[in-house]
Amino acid sequence: HILFLFTMVFLLNPATWAGEIIEGREAWPHSRPYMAHLRIQHGKKILGCGGFLVEESFVLTAAHCWGEEINVTLGAHKIKDKERTQQKITVRQQIPHPEYDDKTLNNDIMLLKLAEPAKLDGWVETIALPCAGEEAEPGMVCRVAGWGCTIATDHSSAASALQEVEVEVLADAECNYRNYVSSTMLCAGLPWKGKDSAKGDSGGPLVCGGKAQGIVSWGPDTPPGVYTRVSTFIDWIHKKMRRP
């Protein structure tokens with residue numbers, strides 16, 4: 001059922017953008033209150049991505065998760081259900097990194113400014129970001145979560161409940177892909193166990209030590225996957241969030 005969002009995907013041989021959790025498990029309900037589900041209007045299609053709340057009015061995601069219109073759901077566990085914990089907020093402004101390259105997926109990061117601030121109530125909370133230059137070292141154990149592919153208005157191809165998987169930060173050499181850039185990308189997965197993120201998880205966080213160290217970006221059909229290295233973009237993130 002694979003459906004690609006953008007033409008750029010076909011240029012990333014052998015890599016494609018990332019999707020549903022592979023070899024993971026259902027997350028404990030509402031244990032990740034920073035998670036955001038993005039419903040993206042892209043032409044005549046409705047697609048999905050992940051994201052994460054970093055301030056009441058801002059969600060961080062991947063730049064390749066853009067669309068004509070984006071609606072954010074916060075506080076969800078089963079995205080198909082009408083849970084009382086859910087907050088649905090439209091996106092007022094999409095702010096992709098100015099040096100984002102849609103052919104190589106370098107600088108694959110985007111801020112979404114919400115039309116109204118999220119209510120932080122325990123079901124919905126922000127997640128901490130690393131400091132500039134604070135690296136996730138190889139061997140660090142992290143978690144990534146997502147609902148997987150969403151390619152229909154009824155979310156028929158999305159996971160019913162939030163899924164998560166434990167992965168390990170790997171040395172850059174393990175992601176020996178043509179378009180891998182170590183200064184802006186992070187390599188993670190558990191290749192020997194087949195654990196990885198995949199298509200509808202794009203834009204979701206790679207959480208290491210309670211901080212969002214990476215953003216699900218792209219990779220081949222088998223692990224390891226490639227994540228945007230968040231610490232590289234901290235100054236840009238704070239600058240954009242401060243701007244009126």
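Me: Buried means under 20% relative accessible area, exposed over 50%, and partly exposed in between (1.4 Å probe, protein chains only). With that in hand, what share of the protein chain's residues count as buried?

Reply: A word on the source first: this is a predicted model, in which local features need pLDDT of at least 70 and side-chain atom pairs count only at pLDDT 80 or more, while totals for chains, interfaces and linings use all residues. Residues are numbered from 1 along each chain as its sequence is written, and side-chain values use heavy atoms, with hydrogens and water left out. Among the 244 residues of the protein chain, the buried share is 57%.

Me: What part of the accessible surface belongs to carbon and sulfur atoms?

Reply: Accessible areas come from the Shrake-Rupley method with a 1.4 Å probe, and for residues only the protein chains shown count as cover. The protein chain's total comes to about 10,500 Å², and the part that belongs to carbon and sulfur is 49%.

Me: Of the contacts between residues at least 6 apart in sequence, what share joins residues at least 24 apart?

Reply: A contact means heavy atoms within 4.5 Å. Among such pairs in the protein chain that are at least 6 residues apart, the share joining residues at least 24 apart is 72%.

Me: On to the disulfides. How many does the structure hold, and which pattern do they follow?

Reply: A disulfide is a covalent bond between the sulfur atoms of two cysteines. The cut-off used here is a pair of cysteine sulfur atoms within 2.5 Å. The structure holds three of these links, and with bonded cysteines counted along the chain, the pattern is 1-2, 3-6, 4-5.

Me: How many residues apart in sequence are the parts tied together by cysteine 49 and cysteine 65?

Reply: Both of these cysteines are buried, and their sulfurs lie 2.1 Å apart in a disulfide. The link is left-handed, with -80 degrees about the S-S bond. Since cysteine 49 sits in strand E4 (residues 45-55) and cysteine 65 in the loop between strand E5 (58-61) and strand E6 (69-74), the sequence separation of the tied parts is 16 residues.

Me: Is the link of cysteine 175 and cysteine 187 left-handed or right-handed?

Reply: Cysteine 175 is buried at 2% relative accessible area, and cysteine 187 is buried at 0%. A disulfide joins the two, with S to S 2.1 Å. At 80 degrees about the S-S bond, the link is right-handed.

Me: How about charged pairs: how many salt bridges does a search of the whole structure find?

Reply: A salt bridge is a side-chain nitrogen of Lys or Arg within 4 Å of a carboxyl oxygen of Asp or Glu. One of them pairs lysine 103 with aspartate 102 (3.9 Å, N to O), and aspartate 102 is partly exposed, at 38%. The search of the whole structure finds a total of seven.

Me: How many residues apart are lysine 211 and glutamate 134?

Reply: Lysine 211 is partly exposed at 25% relative accessibility, as is glutamate 134 at 27%. The closest N and O atoms of their salt bridge are 3.2 Å apart. With lysine 211 in strand E13 (residues 211-219) and glutamate 134 in the loop between strand E8 (110-114) and E9, the pair links distant parts of the chain, and its separation is 77 residues.

Me: Which residues are linked in a network of salt bridges?

Reply: Glutamate 166 (partly exposed, 33%) and arginine 143 (partly exposed, 23%) meet in a salt bridge of 3.1 Å, N to O. Glutamate 166 lies in strand E10 and arginine 143 in strand E9, so this pair ties together parts that are 23 residues apart in sequence. The network's members are Arg32, Arg143, Glu164 and Glu166.

Notes
Helix = DSSP H or I, 4+ residues; strand = E, 2+ residues; numbered from the N terminus.
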